[in-house]
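Q: I am new to reading protein structures. Could you walk me through one, feature by feature?

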Amino acid sequence: MAEAIAELDDQEVWIDLLFTRFKIEVAQERQPALFRALENFAAAQNETAVSLYRRANSRQLSRSTWAQIIHLATNHETRFYRNPSVVQLVAQLARDFPRPRILSVGCSTGEEPYSLAVELSQQSFPNFKIHGTDVSEPCIDTALSGIYRTNASIPERFAGRIESGQRMRFGWIKDFVTFEQHNILGERPINFTAPNIIITQNMLIYYRSRTRKRILDLLSCLLEDGGYLITAPAEEANWNAQGFERLHSLAAPVFRKQS
Ligand SMILES: C[S@@+](CC[C@H](N)C(=O)[O-])C[C@H]1O[C@@H](n2cnc3c(N)ncnc32)[C@H](O)[C@@H]1O
C-alpha cells in the first residue's frame, strides 16, 4: 500500500498509464483538474484514487470504467456553429464533390457534424455523408441520441422541439450523419472510407507537436485524392504536408491533397 501511495504521490503515473494504454496526452495545465476529477470519480464508486490506480495498473478495470476515465482526461468543449465561417468554408469546399463525404475527427458531443449537416441541407446539397468520431464514449452516446438543449442556430425543421421547447431532437437529418467511438491514435481503422473532406478542430491543440504531426500524417492517408484536410489556426504545428497544397486566405488552414 505504501508503495502504491508513493506512486500516486507522483501523479505522473496516471499520465503515463493513459499514454501507454491509449496514447492520450494530458497537458501539464490540465493535470490538476484531471487528478481532482479522478479522486471524485473513485469516491463515487466507493474506491480511493489508490485502489483505482492499482486496479487500472493491473488491468482490472472494466471497459466502461476506462471509457469514463478517458472522458475525464479529455476536453469536450464544443457548440453548434462554433465557427460559422468554417462551416461555410466546408460547404464551399464540398461543392467540388458530387456526393461529399466529410469526416469530423474529435467531434465531441456531435454539434460540429450536425452543424455541417444542417448547413449542407440548407444549401440544398442533394446527397452527402458526415461521420463524426471521438475517443470519448459518453460524447458519442450524446451525439447518437441527437438530443440537445434548444439552440437558435438550428431551425426547427431539422430538430423538432421537445420538453416545452427546452430541448430539441434531430430527426430525418440523422440519416446523413453517423458517429463512432474511435481513438485516432489507436490501431483500429475508422469505419468510414474515402472521405473528401476531413476536419479536425480544437483537438490537436491538446497534443504535443510530434503527436499532432503523426495525427495529420494519418489523416492525410485516409483522404481521397483531391480532398481537403482542415485544421484550426495554429494547430498544425508546421506539419510538412508532402503531396498537399496549402490554400491561403481561408477561415482555417486547408490542405488540398494532390490528385
Ligand atoms: C475540444 S473538443 C472539440 C470538438 C469540436 N471539434 C469543436 O471544435 O467544437 C476535442 C475533442 O477531441 C476528442 N479527442 C481527444 N483525443 C482524441 C483522440 N485521440 N481520438 C479521437 N478524439 C479525441 C476529445 O474527446 C474531445 O471531445
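A: Gladly! Let's begin with a term: the domain bounds used here come from an automatic or database domain assignment. Keep in mind too that this is a predicted model.

Q: Which domains does the assignment give for the protein?

A: Two are listed: domain 1 covers 2–73, and domain 2 covers 84–257. Their C-alpha centres are 30 Å apart.

Q: How is the size of an interface often given?

A: The usual idea is to state the accessible area that is lost when the parts come together. In this model, about 1000 Å² is buried between domain 1 and domain 2, and carbon and sulfur atoms give 55% of that area. Three residues deserve a look: Lys 23, Glu 25 and His 71 supply 49% of what domain 1 buries against domain 2, more than any other three residues.

Q: How many residues of each domain are in contact?

A: Nine residues of domain 1 touch 13 residues of domain 2. There are also five residue pairs in polar contact between the two domains.

Q: How many salt bridges are found across the interface of domain 1 and domain 2?

A: For this feature, you look for a side-chain nitrogen of Lys or Arg within 4 Å of a carboxyl oxygen of Asp or Glu. The rule finds two across this interface.

Q: Now the ligand, please. Which residues are closest to it?

A: Of the 18 residues that surround the ligand, the closest are Thr 78, Arg 82, Asp 134, Asn 202 and Tyr 207.

Q: How much of the ligand's accessible area does the protein cover?

A: On its own the ligand has 600 Å² of accessible area, and the protein covers 98% of that.

Definitions and conventions
Residues are numbered from 1 along each chain as its sequence is written. This is a predicted model: local features need pLDDT of at least 70, side-chain atom pairs count only at pLDDT 80 or more; totals for chains, interfaces and linings use all residues. Side-chain values use heavy atoms; hydrogens and water are left out. A residue is near a molecule or strand if one of its heavy atoms lies within 4 Å of it. Accessible areas come from the Shrake-Rupley method with a 1.4 Å probe; for residues, only the protein chains shown count as cover. Contact means heavy atoms within 4.5 Å. Buried area is the accessible area (1.4 Å probe) that two parts lose on being put together, summed over both. A polar contact is a pair of N or O atoms within 3.5 Å; within protein, one must be able to donate a hydrogen and the other to accept it, and residues adjacent in sequence count only if both atoms are side-chain atoms.
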